[in-house]
Number of protein chains: 2
Amino acid sequence: MVEVLKSTFEEHLPLIESSIKSADFIAVDTEFTGLEKSAKERTNLFDTTEERYQKMKCSMSEFTILQIGLSAFRRQSSNSYLATTFNFYLYPPSFGPVDVRFLVQASSFQFLCKYDFDFNKYVYDGIPYLNKPQIFAVKKYLHARAMNNGRQRVNEVDEDVLQAFCSRVAEWLVQTENDQSAVLEVADEEIPELEYVKSFILRAELRERFKNIWISVLEGQQRIVRISKLSKMQMKNAMENEQDKEKLLDNLKGFTRVFKMLKGGVPIIGHNMFLDLLLMYDKFHEPLPDTFEEFKKEMQNVFPYVYDTKHICNNTRKLYRDSSLINNSSLGMLYQSLSSPEGQQFVIDTPSVVHATDNYKGKSLPHEAGYDAYMCGFVFLRLSHILTFLDVKSTEVRPCRFSRYLTEMKPYRNKINIIRGNVHYVRLDGPDPPSDRTDLLFVQSKDPSYELHPLQLIRWFSRYGTVDVQVTNSQRALVATTHYKCSKDILKAFRSHQNISVTKYNKWKHSPVIRKCMWAGAILSGGACLLALLSSRKKD
Amino acid sequence: MVEVLKSTFEEHLPLIESSIKSADFIAVDTEFTGLEKSAKERTNLFDTTEERYQKMKCSMSEFTILQIGLSAFRRQSSNSYLATTFNFYLYPPSFGPVDVRFLVQASSFQFLCKYDFDFNKYVYDGIPYLNKPQIFAVKKYLHARAMNNGRQRVNEVDEDVLQAFCSRVAEWLVQTENDQSAVLEVADEEIPELEYVKSFILRAELRERFKNIWISVLEGQQRIVRISKLSKMQMKNAMENEQDKEKLLDNLKGFTRVFKMLKGGVPIIGHNMFLDLLLMYDKFHEPLPDTFEEFKKEMQNVFPYVYDTKHICNNTRKLYRDSSLINNSSLGMLYQSLSSPEGQQFVIDTPSVVHATDNYKGKSLPHEAGYDAYMCGFVFLRLSHILTFLDVKSTEVRPCRFSRYLTEMKPYRNKINIIRGNVHYVRLDGPDPPSDRTDLLFVQSKDPSYELHPLQLIRWFSRYGTVDVQVTNSQRALVATTHYKCSKDILKAFRSHQNISVTKYNKWKHSPVIRKCMWAGAILSGGACLLALLSSRKKD
């Protein structure tokens, strides 16, 4: 794994670029500052895909990414892949018109504590990033030369240092002939990571004040500035100023430059990646669009080939029914299982994966974005091999090109897993599937005098698993569960309940009574949402 | 200075309490996650006090405090004060219904980087805090025993560890007679700082599952739990459970318990403390009320005696006119000046200040909340002495009690400094002063065909200082400046401008023309606000 920070970003960029350009596929993972903006954005089993998108958009446009992992996989010999993994810390820049306000969910930072996340690296040395409107604003700002006013620079440069430096230049100019050169050092007082910003401001300030000088920076020595006194003839050249702006802009774009490299059409792999896609779109591309349809359309332009290993896993479980290989679709468990001897031998000739660097060897670093990205790529490769050769006689299995895997994996392409929604996945390159929550339960009060209370229903039902309850009126409610077994257990337990009857929801029998008021009632969720109720009541 | 973290909070609490209870006055300072929620909340020279409050309320209810400093000053001998300073790191808790979402302004975290702020200490070991509605919600949650559902606990405890532990208890119960006791150890897998939360959940879970056991924690060994099998007679006692809840609640209240200690009427000192007061109110007391009037009224109940050293300094400058003692009202400069030999001897017999601990000696740690609080208290003491004896013959100056200072300082009590507003201060215990922006400028286009453009005016005027411009229509604008000198310079520079006339704003002459549309035009600010324009245009 290569850790990439603001201070080492430029140095690593060539390796990042070559790894991406030569990759067969790239796995990604993000860590972020929060999940739900408020209880209102909490997802539930009744959510349509559009509703889900609107909730996630509302949350994800306020939270941000603090770490992103990329693992570039490349077939290097007949049956071995090289995984080059990068772990980037990201921190939003503040420069000129851009000063991002982002939301933090207290529990999300605390979650990261469990995995030893380094918050100092994050704030002190996180790589900047900009989406398109932010790039536009910075360009406009640089163009307007709006920087020639002290108050605006307050966060970027120490005004006293700047003034002292300008005085030195003024003194020197008086004593200097035209066409003479001098080397002046920029004071060292400020924090080093702002060097690009600083040197730009310094030069902009000098140019503004002293019309008759020429300024250049000695290569590799950001703090040494060469100043030449110009003859009038030489004073028209503004080219260097433009180069300066480009350099500063590049520096502020930071990770966005890497994101651009991913756009070439290389397969992008993630695990349960709906949220990752929304975040990347919003932070590195453009603010999330108004409708899910627009998002899907534009996402296709950005990443035409996307694979979600959680979706693949959930939809191929039946294939390995005789085996205990895939019992759990969490990334860590999948990786553990598929990297075990059983996982390796499930279908022979599975390709091996070699790390490009040594620091992941024998280690497990869950929830480090780089490591999660690597695990995700590994899982994708193993699943691809298994699914390609599952029904092929073992005597006929041969190491194959990556393109053969892609052909086999086509049914899973651009399908993104959804948890706790009314569908199990969304499709980026076409219409979403119809709702597959066939295990809805219909609850009815047996006596008109007995009113259904959502909290009571939640208390009863959530003993059997995760449930969401929607009371449509005082006599009727719908219950969604995540598992068929949970629905079955509830049906059994309440077969002869004294106050309520619970039956399978029957579209023909219970509609249109229910359909009519389907979206009218408040939705309450078992587990996490009981809290939501308590906390939202607090605000009443 | 005593650094107080979550892990050392209980240990330091007795010293904190005794220092507060015996203090003559307490200086406070906060560091926070951001300043302005968006450009809309940017303050300007036209703001009335109510407008200012609404803007600040909007921002401060979303940002939060990450460090708070308290410096308790106590007169310990005839002319010497002991300063006991505490520097608390604060991080919002996430427990049950409380999972705070707070806003971060990217530049505010970066500002803290300049002063070596430790973000790991902040997130990993920050002390929790709760305001009243949050305390109410947690109590309700605990009362509802809502914790007996796996999904809700997801951030607080490792479900597998809990289940494994319960299985051990179940096995043991089968083999155990009534009235027998056993000692079982809680597994050690989770992060240590959650120990109170963990042990509470563990016991709540055990009690819920096994009705016939009695659970107690061995003193000082949070991870050892004693379990007794009860006879039916013993099973009614729920007292211990209540004690448990109290302990957990106390732990979650964290710094709010310290805040409560401050409420006894001890003088509270801050420097430019409007923002500090709003933040403390919102985070440790109650959500900020709807109107400034309500805020002031309730603030009086919380802190009846508040002194702002920036206000005191700005309003006594004339008194030292012959001296260069108070040239600058920034905290660091004030401290430097007043602790210099000149500051010490300005009025004889000034009291000395001794640190209770050694770690601040010979150090300067600006923007560490504890150190800023200490400097603020020091400045208050020196200014009090100077103002008390300024007009007293030096032969008659005597070391005095602190109460004498308070009598002299009464004119400054409960007056809080305002920067960039239409008044220089607000009064917490009475009506605010009338607007004192007498240096408003009135701009008029000389030719009806020449339209005023706010950006152009800003460009022209901000060369002379900080200005806010309000264009009321295409022919007229108002300009507010922070200094009389700036207004004077603008008047001079534009005396014979070809397109515009600039005059002093005359309430009688220019009203009602202007008054009518006074609040209609957009307000643009020089300096920082030029950026606001650029960035808000971006969103159009």
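Two residues are taken to be in contact if their C-beta atoms, placed from the backbone, lie within 7 Å. The structure is a predicted model, in which local features need pLDDT of at least 70, side-chain atom pairs count only at pLDDT 80 or more, and totals for chains, interfaces and linings use all residues. Residues are numbered from 1 along each chain as its sequence is written, with chains lettered from A and ligands numbered from 1 in the order in which they are written.

Chain A contains 21 helices and 20 strands, these being DSSP runs numbered from the N terminus (helices H or I, at least four residues; strands E, at least two). Of its 540 residues, 43% count as buried (20 or more other C-beta atoms within 10 Å of the residue's own; exposed, 12 or fewer; partly exposed, in between).

In chain B, helix H11 (residues 292–302) has Phe292(B), Phe295(B), Lys296(B) and Met299(B) buried. These residues cover an arc of only 95 degrees around the axis and therefore lie on the same side of H11(B), the arc being that of the directions from the helix axis to the C-beta atoms. Glu294(B) and Asn301(B), on the other side of H11(B), are exposed. The buried residues of H11(B) pack against helix H2 (49–60) and helix H10 (274–285) of chain B.

The axes of helix H13 (residues 331–339) and helix H15 (residues 369–389) of chain B come within 9 Å and cross at roughly 50 degrees; axes are lines fitted to C-alpha atoms, for helices over the stretch in contact, and angles run from 0 to 180 degrees between N-to-C directions. Residues of H13(B), including Leu334(B) and Tyr335(B), meet residues of H15(B), among them Met375(B) and Val379(B).
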